[in-house]
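Morning, everyone. I have one structure to walk through, so let me put it on the screen.

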Amino acid sequence: MDVTATADTSAEKKAAPIELVGIRKQYPDGTVAVGDLSLKVRAGELVVLIGPSGCGKSTVLRMINRLIEPSAGRILLDGEDVTQVDPVRLRRRIGYVIQNVGLFPHQTILANVGTVPRLLGWPKARIRQRSEELLDLVGLDPAKFGKRYPQELSGGQRQRVGVARALAADPVVLLMDEPFSAVDPIVRGRLQEEFLRLQADVRKTIVLVTHDLDEAVRLGDRIAVLSQGGKLEQYDSPANLLGRPASPFVREFVGADRGIRRLAVTPVSREMLDPLTADSGDYPSAELGISLYDALASMLVTNSDHLRVVDGGMPVGLLTRHRLLSIDYPAE
């Protein structure tokens with residue numbers, strides 16, 4: 001991952017909403033990369049843009065921070081039309097992370113993280129404190145890694161440094177273009193887990209581009225599926241996207257195994273539970289809110305047709321395998 005934009009230290013808000021209003025990108029040869037796209041991203045929300053190659057998802061990201069100028073439409077950041085403001089001032093409010101690691105090889109990790117605050121003229125002591133805080137936040141001990149150079153870190157560790165650098169000046173928006181695609185599947189899964197933990201702490205407004213549906217379902221609060229020309233096919237929660245594809249295009253895109261994916265994003269709720277029975281204590285237990293996918297996995301591992309569900313250690317009901325597999329999802 002690499003960061004090529006800055007963030008505004010004077011911003012009081014930790015996150016800001018984004019609204020795209022009929023944005024369009026048409027090149028001189030007539031090619032329409034994005035045509036009349038409108039969507040809203042709430043403050044503190046993580047929205048994923050996904051679609052086939054060439055659908056304009058990365059172009060949308062670059063138009064938000066004006067690395068690419070839109071041909072038409074408005075982009076509102078916290079209500080302000082970014083197409084009418086100085087691009088440099090805009091980018092001081094936005095963190096930008098891309099897939100190819102681009103840390104400065106001649107600088108230590110602490111110096112890399114402090115790049116943006118240094119450009120903004122922060123005092124040295126404040127830069128060091130902020131850099132150390134962020135390395136700790138992304139799971140890298142500053143005492144151990146701060147004085148190292150990028151080539152001394154693994155790919156996954158460099159990815160974490162890229163995120164830390166993007167957050168250094170506390171931006172109100174974070175744009176991420178396939179940030180985890182350059183690492184192997186095992187490391188990617190761990191990074192996604194760390195990123196979810198990090199987002200729970202910082203609650204930034206994040207727009208993330210990926211080509212990986214499983215990643216989109218795992219990370220996104222909402223997912224925007226784009227088709228060629230940047231056409232918005234569906235903008236919905238992961239569960240609704242998988243359970244109610246809005247068009248044949250979306251149905252084909254999410255695939256025939258969308259039911260399994262939906263289990264992974266649907267939590268066990270009280271409405272799914274049967275009353276406890278006298279022998280419920282003999283069944284395996286799980287916390288209320290666990291995903292249906294994990295609940296089914298627990299049943300299969302223990303060879304049980306029942307799962308005793310607890311809330312903070314207190315039993316609240318019984319989930320049966322029959323009930324789990326017959327949950328009435330909305331019709332497509």
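Which residue does Asp 177 meet in a salt bridge? Its partner is Arg 62, at 3.6 Å from N to O. By salt bridge I mean a side-chain nitrogen of Lys or Arg within 4 Å of a carboxyl oxygen of Asp or Glu. Helices (H or I, at least four residues) and strands (E, at least two) are DSSP runs, numbered from the N terminus.

Now the ground rules. This is a predicted model, where local features need pLDDT of at least 70, side-chain atom pairs count only at pLDDT 80 or more, and totals for chains, interfaces and linings use all residues. Residues are numbered from 1 along each chain as its sequence is written, and side-chain values use heavy atoms, with hydrogens and water left out.

Back to that pair. Asp 177 is buried, at 4% relative accessibility. Arg 62 is partly exposed, at 32% relative accessible area. The cut-offs: buried is under 20% relative accessible area, exposed is over 50%, and partly exposed lies in between, with a 1.4 Å probe and protein chains only.

Next in sequence comes Glu 178. Glu 178 sits in the loop between strand 8 and helix 8, which covers 185–202. Glu 178 is also buried, at 14%. What does Glu 178 touch, leaving out residues up to four places away in sequence? Gln 99, Val 209, Thr 210 and His 211. Contact here means heavy atoms within 4.5 Å. Ser 58 is 120 residues from Glu 178 in sequence, yet their C-alpha atoms are 8.9 Å apart.

The whole structure has 16 of them. Arg 66 and Glu 69 form one, at 3.1 Å from N to O. Arg 66 is buried at 10%, while Glu 69 is partly exposed at 36%. Shared partners also join Arg 42, Glu 45 and Arg 222 into one network. Within it, Arg 42 and Glu 45 meet at 3.0 Å, N to O. Glu 45 is buried, at 5% relative accessible area.

On to the nonpolar side. In soluble globular proteins, nonpolar side chains tend to be buried together. A nonpolar core is a set of buried Ala, Val, Leu, Ile, Met, Phe, Trp, Tyr and Cys residues joined through side-chain atoms within 4.5 Å. The largest one here has 39 residues. Val 161, Met 176, Phe 195, Leu 208 and Ile 223 touch the most other members. Helix 7, residues 155–167, gives the most to this core, with 5 residues. A second, separate core has 32 residues, including Val 82 and Val 209. Take Ile 223 on its own. Not counting residues up to four places away in sequence, its contacts include Val 48, Ile 50, Tyr 235 and Leu 241.

Finally, the overall picture. The protein has 14 helices and 14 strands. Its C-alpha trace spans about 65 × 55 × 35 Å along the principal axes. Buried residues make up 50% of the 332 residues. Of the contacts with a separation of 6 or more, 67% come from residues 24 or more positions apart.

That's the tour. Over to you.
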